[in-house]
Number of protein chains: 2
Amino acid sequence: MTPGNKSLVVILVNPQMGENIGAAARVMHNFAIDDLRIISPRDGWPNEKAVTMSAGGKDIIENATIYDNFAESMYDIEMAFAVSARKRDMVKNVFSPEEAMAGLLDNDKSGGRKIAFIFGPENSGLNNKDISLCNSIITIPVNPEYPSLNLAQAVSILCYEYSKNNLANSNNNGCELASKKEVAYLIDELVKELDKREFYKSDDMRPNMVTNLTNIFTRNELTKQELSSLIGIIKSLCK
Amino acid sequence: MTPGNKSLVVILVNPQMGENIGAAARVMHNFAIDDLRIISPRDGWPNEKAVTMSAGGKDIIENATIYDNFAESMYDIEMAFAVSARKRDMVKNVFSPEEAMAGLLDNDKSGGRKIAFIFGPENSGLNNKDISLCNSIITIPVNPEYPSLNLAQAVSILCYEYSKNNLANSNNNGCELASKKEVAYLIDELVKELDKREFYKSDDMRPNMVTNLTNIFTRNELTKQELSSLIGIIKSLCK
């Protein structure tokens, strides 16, 4: 089993086709994710087509929890991501799957927080009321000419992206990643030295440079060892 | 349309179920990939179930090229990745989807090379003879207790991972990425300064540090602008 997947929940709100529910369960099992919650499936429950399509993921279908009420299915969820292709007029952060996972890794290295990916019905996606209950939106980057992903395909891409990061973390050759605080220290040290040298040609330049440096050293998930090497290098260059 | 996807080909070797071929075509269209080649589909061709399941990707099914012979379907392919879950006793590089894409970006920033992802039949996957015709193997990281991904799900994950990188590149706010040569120059400059300062406590330390720096500044795909900022910073610190 991949580590950490116990903390991930997949919630299907009003799914229409049993085949899609089954295919979602199958791919959840492929990625060792087993908590499936379903809000009022259109064709009732249990659903024979869901069982057939789930193949090796049959246990996930049989242990799925059925709710009438979306809010109730989320009572134990600490971080809820609405998966949506459509643009919404809402004040919510919109992430790509990869950005969302990077954020989870940054904030949740110890694991254990309950996270949910929430998918709407095949024909219309999540409605605004459901999305308002979620912390953020994930949008899978697709062909704008044909953004309509099959429900189980969307589930597969999110489960893959989530599970991949857990695997990558556990495969980090035992190297612990630097914390946000340590990365901030690196950037502070660098900026202090640049301040001493009056590096910036104009006052505008300083905040931009800080943002650039933060981007550069955040994107690549430095290990503690690498961070400490970089600090050593800066000190040496400044001698 | 996402840029660059014209150079990606999906090849299904002996697929069994029309539904899976159709679902694969649908998700290819979701990621703006349109060249589908099929080697001897079990149930013949055309296949009504494939058309139905392809939904908005119907054109991809109708324009798919059918071959009797796998090798022939690859005549114009420059880089072929066999997608396989099973371990093989073959001298081939095995990559995760992400590693394979990173390699393609490194080697092929200008695009244009014909790349193929090759998928075997649902029941058995690719045979060793077919794999021997491919350059490398891609293995999707899955639950070892249930590695059997549905064919169309495997296609979706690979198309997503491929397309994501192209989108990320094109979404770079118009910033051109630094070339390998420019990154090498940055590292050379840094190492030269460290040499002047006799930074290394032992002779062994130097090559390790060069490798570490290369890792750090390669992983995050620096833009030309960022690279030039970093060189400016190094020069300033060394004053």
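Is Glu161(A) buried or exposed? In this predicted model, Glu161(A) is buried, with a relative accessible area of 0%. The views below start from this residue and then move on to other parts of the structure.

**View 1. A salt bridge links Glu161(A) to Lys164(B).**
Here the side chains of the two residues meet, with N and O 3.2 Å apart. Glu161(A) sits in helix α7 (residues 151–170) of chain A and Lys164(B) in helix α7 (residues 151–170) of chain B, so this pair joins two chains. Lys164(B) counts as buried too, because its relative accessibility is 6% and the cut-off for buried is under 20%.

**View 2. Lys164(B) also forms a salt bridge with Glu161(B).**
Stay with the lysine and look along its own helix. The closest N and O atoms of Lys164(B) and Glu161(B) are 2.8 Å apart. The two residues are three apart in helix α7 of chain B, so about one helical turn separates them. Lys164(B) and Glu161(B) are both buried.

As for accessibility, Lys192(B) is partly exposed at 47%, whereas Glu189(B) is buried at 16%.

**View 3. Shared partners join salt bridges into one network.**
The network takes in Glu98(A), Glu161(A) and Lys164(A), together with Glu98(B), Glu161(B) and Lys164(B). Over all chains, the count comes to 24 salt bridges.

**View 4. Chain A holds an open sheet of seven strands with parallel pairing.**
Follow the strands across in the order β3-β2-β1-β6-β4-β7-β5. At the edges are β3 (65–67) and β5 (93–95), each pairing on one side only. From one strand to the next, the twist averages 25 degrees.

**View 5. Strands β1 and β2 of chain A pair in the parallel sense.**
Five bridges connect β1 (residues 8–13) with β2 (residues 35–39). To find your place, look for Val10(A), which stands opposite Leu36(A) in β2(A). Helix α1 (residues 18–30) of chain A packs on the sheet and touches both β1 and β2, its direction making about 160 degrees with that of β2(A).

**View 6. Helix α10 of chain B spans residues 224–238.**
This helix of 15 residues reaches 21 Å from its first C-alpha to its last, close to the 21 Å expected at 1.5 Å a residue. Its buried residues include Leu227(B), Leu230(B), Ile234(B) and Leu237(B), and also Glu226(B).

Notes: Residues are numbered from 1 along each chain as its sequence is written. Chains are lettered from A and ligands numbered from 1 in the order in which they are written. This is a predicted model: local features need pLDDT of at least 70, side-chain atom pairs count only at pLDDT 80 or more; totals for chains, interfaces and linings use all residues. Side-chain values use heavy atoms; hydrogens and water are left out. Helices (H or I, at least four residues) and strands (E, at least two) are DSSP runs, numbered from the N terminus. The expected span of a helix is 1.5 Å times one less than its number of residues. Buried means under 20% relative accessible area, exposed over 50%, partly exposed in between (1.4 Å probe, protein chains only). Two strands pair if DSSP finds at least two bridges between them. Axes are lines fitted to C-alpha atoms, for helices over the stretch in contact, and angles run from 0 to 180 degrees between N-to-C directions. Contact means heavy atoms within 4.5 Å. A salt bridge is a side-chain nitrogen of Lys or Arg within 4 Å of a carboxyl oxygen of Asp or Glu.
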